[in-house]
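This report describes the fold of a protein chain and the surroundings of its ligand. Please keep the sequence and the structure at hand while reading.

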Amino acid sequence: TPVDGLLASLDLLTITRAGAVLHLRLNRPAKRNAISDELIRQLHTAVLNLPADVNAVLISGEGAHFCAGLDLSELVERDIGGAVQHSRGWHAVFDALQFGRVPVVAALHGAVVGGGLELAAACHLRVADDSAYFGLPEGQRGIFVGGGGSVRIPRLIGVARMTDMMLTGRVYDADQAERAGLVQYRAPAGGALAKAMEVAQAAARTSPMTAFAVIHALPRIAEQGAAEGLFTEALMSAVAASTPEAKARLQAFLEGKAAKVVKS
Ligand code: 1HE
């Protein structure tokens, strides 16, 4: 279903609802969804104004590609001060996405390159179909990543793989991306969106406090030493278990009313 109000006014994003999932579709296919200043601004607006009853976000791209990265036609206009602010601006948007209230799933097809890969890396889960390919052409353009890629991409695939992608222009296909840990789910060509919606609907059923713990505590614990991590975990675990929703879900299981864990 369509959305109304502020979200409907964003012309570079097509925004629709499917139950508790909000679907943000990058809508600049003539430019392969290249991220212009206006597109990043609209993405920020959308991420900061999620309806209260949305429990997950799905991000996809219109046309044959997910996203061609930074709009290179705007790059030449910026001086050094403008460039550092531009990068910090992207950081703010992708941080808002990664450390928001709800899980974000990326549906990836075609080119997922440069800033497009940085956007995908800021999402919590990535679904790729057979048409997807991943690259960091910054290396070939004489520039560097500026959308948080140097922080997020090595955490997914390791510094060595990112170094290779940037120094040699190596492009990963969907199989390689899955093996490298970049992609969590695969779909046949044309199937990224359907699979990603299934994943987003599942994520949307997570209790809000568990989603909070996964989004906010898990990456911080991963950065902590073992002693601090275990301590943070104990606190987070106690907070989550004390919520009425946790108590209701545990009770439902004990009464035989909740789904069992089944082999996939
Ligand atoms: C663009 C952009 C763009 C396409 N900025 N205009 N990203 C890159 O270096 C990737 C550059 N793009 C490509 O390699 C290819 O366009 C694609 C593989 C993504 C798609 O190929 P294709 O054959 O489907 O499309 P196309 O014919 O190359 O492009 C169609 C139009 O989109 C064309 O414009 P037109 O006016 O001639 O029709 C292209 O110029 C335009 N277009 N990609 C501007 N990126 C915060 S730091 C992040 C740093 C980066 O992301 S650097 C990596 C940038």
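## Basis

Two strands are said to pair if DSSP finds at least two bridges between them. The model discussed here is predicted.

## The three-stranded sheet

By that rule, β5, β7 and β8 form an open sheet of 3 strands, in the order β5-β7-β8 and with mixed pairing. β5 and β8 (172-173) are the edge strands, and each of them pairs on one side only.

The pairing of β5 with strand β7 (residues 133-135) is parallel and comprises 3 bridges. Within this pair, Val112 is found opposite Phe134 of β7. Helix α4 (residues 115-122) lies across both β5 and β7, and runs at about 85 degrees to β5.

## The six-stranded sheet

A second open sheet has 6 strands in the order β1-β2-β3-β4-β6-β9, again with mixed pairing. Its edges are β1 (13-18) and β9; each has a single partner strand, so one side of each lacks a neighbour in the sheet. On average, and with direction ignored, neighbouring strands of this sheet are turned by 20 degrees against each other.

One of the residues involved is Ala18, whose bridge partner in β2 is Val21. Helix α1 (residues 37-48) lies across β1 and β2 and runs at about 25 degrees to β1.

Is strand β6 enclosed by the rest of the structure, or left open? Of the 5 residues of β6 (residues 125-129), 4 are buried, so the strand is largely enclosed by the rest of the structure.

Strand β4 (residues 104-108) runs parallel to β6 and is joined to it by 4 bridges. Here Val105 has Leu125 of β6 as its bridge partner. β6 also pairs with strand β9 (residues 185-187), in the parallel sense and over 3 bridges. In that pair, Asp129 has Ala187 of β9 as its bridge partner.

## Surroundings of the ligand

Which residues come nearest to the ligand? Of the 24 residues around the ligand, these are Ala68, Gly69, Gly114, Gly115 and Gly146. Two or more residues of the shell come from each of α2 (72-75), α3 (80-98), β5 (111-113) and α5 (138-141).

By residue type, the shell around the ligand consists of 11 nonpolar, 8 polar and 5 charged residues.

## The chain as a whole

The protein chain contains 12 helices and 9 strands. Its C-alpha atoms fill a box of roughly 60 × 45 × 40 Å along the principal axes. A compact globule of 264 residues would have a radius of gyration near 18 Å; the value for the protein chain is 19 Å, so the two agree.

Of the 264 residues, 38% count as buried. Among contacts between residues at least 6 apart in sequence, 72% join residues at least 24 apart.

Technical notes. Residues are numbered from 1 along each chain as its sequence is written. This is a predicted model: local features need pLDDT of at least 70, side-chain atom pairs count only at pLDDT 80 or more; totals for chains, interfaces and linings use all residues. A residue is near a molecule or strand if its C-beta atom, placed from the backbone, lies within 6 Å of it. Ala, Val, Leu, Ile, Met, Phe, Trp, Tyr, Cys and Pro count as nonpolar, Asp, Glu, Lys and Arg as charged, and the others, Gly among them, as polar. A residue is buried if 20 or more other C-beta atoms lie within 10 Å of its own, exposed if 12 or fewer, and partly exposed in between; C-beta atoms are placed from the backbone. Axes are lines fitted to C-alpha atoms, for helices over the stretch in contact, and angles run from 0 to 180 degrees between N-to-C directions. Two residues are in contact if their C-beta atoms, placed from the backbone, lie within 7 Å. The radius of gyration is taken over C-alpha atoms; the globule rule is 2.2 Å times the number of residues to the power 0.38.
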